[in-house]
Amino acid sequence: MKVFFKTFGCRTNIYDTELMKSYAGQGELAAGEDEADVVVVNSCTVTNSADSGVRNYINHARGLGKKVILAGCGAVSRGEELYKSGNVFGVLGGGKKSELFKFARAGERFFALGDLNFAETNTVASYENHTKAFLKIQEGCDFACSYCIIPSVRGKSRSVSEDLLLSEASNLISGGFTELVLTGTNIGSYGKDAGSSLGALLQKLGALKGLRRVRLGSIEPAQIDEAFMEITAEPWLERHLHIALQHTSQKMLTIMRRRNRALKDLALFEDLASRGFALGTDFIVGHPGESEEVWEEALENFKRFPLTHLHAFVFSPREGTHSAQLTGRVNGEVAKNRLKTLKNIVLVNNFKFRTAHAKEPLFILVEERGKDGLYGGFDQFYNKIKIESNSNLNKKWLEINAYEVKADENRAQVQI
């Protein structure tokens with residue numbers, strides 16, 4: 001029996017796929033779907049569109065004659081429906097990861113969701129086709145944002161044991177992964193259930209020999225505490241933070257049932273910018289209730305934030321959430337124009353940031369060589385750089401002092 005994994009969605013799912021692979025016996029992993037007997041779909045269900053993408057791939061895999069096992073967030077939200085319709089061979093909940101190959105070998109259809117209180121006990125030792133490693137530090141979320149279905153499919157927040165994480169990180173570093181990306185459903189909540197914190201964990205990770213850089217997934221503004229601020233000067237911490245605002249109108253934040261407060265967020269961002277950080281955020285445009293008056297308030301506030309990176313998108317009602325039931329929808333074209341406005345503001349901010357830092361050396365872990373023949377990677381500010389070189393730069397750490405600041409990226413020439 002050969003098993004192929006198809007991963008949709010976030011970094012946490014990338015980690016979970018590698019974790020499921022770690023339970024495989026020798027020779028059971030397929031390099032591609034063509035040679036597989038079983039296809040495991042590690043699904044995303046954050047939007048209705050994500051559900052559609054997963055469903056389309058399931059139909060594709062079934063068309064190739066493969067047995068399909070649905071895992072990931074979609075196993076909870078859509079698993080029963082797809083199982084009963086016969087579209088999938090099996091459904092596997094997060095707490096049943098370790099039993100995947102047992103179910104697959106048995107040859108009988110199965111529905112094994114388990115519960116949402118599981119804790120990870122296995123670790124990941126390597127990442128195929130990755131230059132950096134992901135370290136999942138927690139699972140679940142205690143927030144109740146009106147637009148989000150994730151807490152209902154991943155459960156309440158719970159932290160992975162600190163000892164287990166430090167052991168896993170040490171093994172990854174020994175295996176050549178000197179850049180770690182901390183991931184989870186809501187990483188800022190790390191340690192709240194164990195008398196610790198994200199800042200305390202970072203201090204211990206930063207002390208590991210051989211670690212060059214730590215990147216962080218998205219953090220909530222309300223979760224940045226004194227312990228976290230104490231490590232902002234550490235050289236191993238990426239000089240970029242992604243702090244999820246979702247909106248910059250206080251009225252809109254209330255409608256969204258968010259915990260952050262617009263003007264308090266602004267003070268935090270200004271403080272971090274003064275410490276030399278590039279700053280990114282999430283922003284939902286066109287959520288129900290985003291009237292013209294609310295939008296104008298949000299836009300004026302948004303312009304005051306020192307943002308250099310943006311993950312923004314137009315609101316899409318997610319079945320099963322409070323927001324999907326709200327009235328006061330925003331016209332689609334209006335929402336798209338608002339999105340474009342925000343993106344343009346941040347593009348200008350990013351160019352100004354890169355120009356202002358043009359005399360600083362950039363520290364890059366080269367991740368790939370593109371079809372254009374140029375090497376690529378990200379600097380300490382999470383800005384992309386393309387590098388021309390006749391040398392083999394794959395997976396090398398570089399310090400680049402001379403580079404050109406272009407509109408959407410930096411460019412350099414390097415010979416080793």
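Q: This is a predicted model, so what makes β3 and β4 a pair?
A: Two strands pair if there are at least two bridges between them. Strand β3 (residues 67-72) and strand β4 (residues 90-92) run parallel and are joined by two bridges, so they meet the cut-off. Ile69 stands opposite Gly90 in β4.

Q: Which helix packs on the sheet, and what does it touch?
A: That's helix α2 (residues 48-63), which touches β1, β2 (38-43) and β3. The direction of α2 makes about 180 degrees with that of β2.

Q: Why do β1 and β5 count as edge strands?
A: The open sheet has five strands in the order β1-β2-β3-β4-β5, with parallel pairing. β1 (3-7) and β5 (110-112) each have a single partner strand, so one side of each has no neighbour in the sheet. From one strand to the next, the twist averages 20 degrees.

Q: Why is Ala133 called buried?
A: Buried means under 20% relative accessible area. Ala133 has 0%, so it qualifies. Ala133 sits in strand β6 (residues 133-139). Leaving aside neighbours within four places in sequence, its contacts include Tyr127, Leu172 and Phe177.

Q: How do you know that α7 and α8 are in contact?
A: Contact means heavy atoms within 4.5 Å. Glu162, Leu165, Leu166 and Ala169 of α7 make the contact with Leu201, Lys204 and Leu205 of α8. These residues divide into five nonpolar, no polar and two charged. The two helices pack at an angle of about 35 degrees, with axes 10 Å apart.

Note on methods: Residues numbered from 1 in each chain as written. Predicted model: local features only at pLDDT ≥ 70, side-chain atom pairs only at ≥ 80, totals over all residues. Heavy atoms only, no water. Axes fitted to C-alpha atoms, helices over the stretch in contact; angles between N-to-C directions. Helix = DSSP H or I, 4+ residues; strand = E, 2+ residues; numbered from the N terminus. Nonpolar A, V, L, I, M, F, W, Y, C, P; charged D, E, K, R; others polar. Buried < 20%, exposed > 50% of the residue type's maximum accessible area, 1.4 Å probe, protein only.
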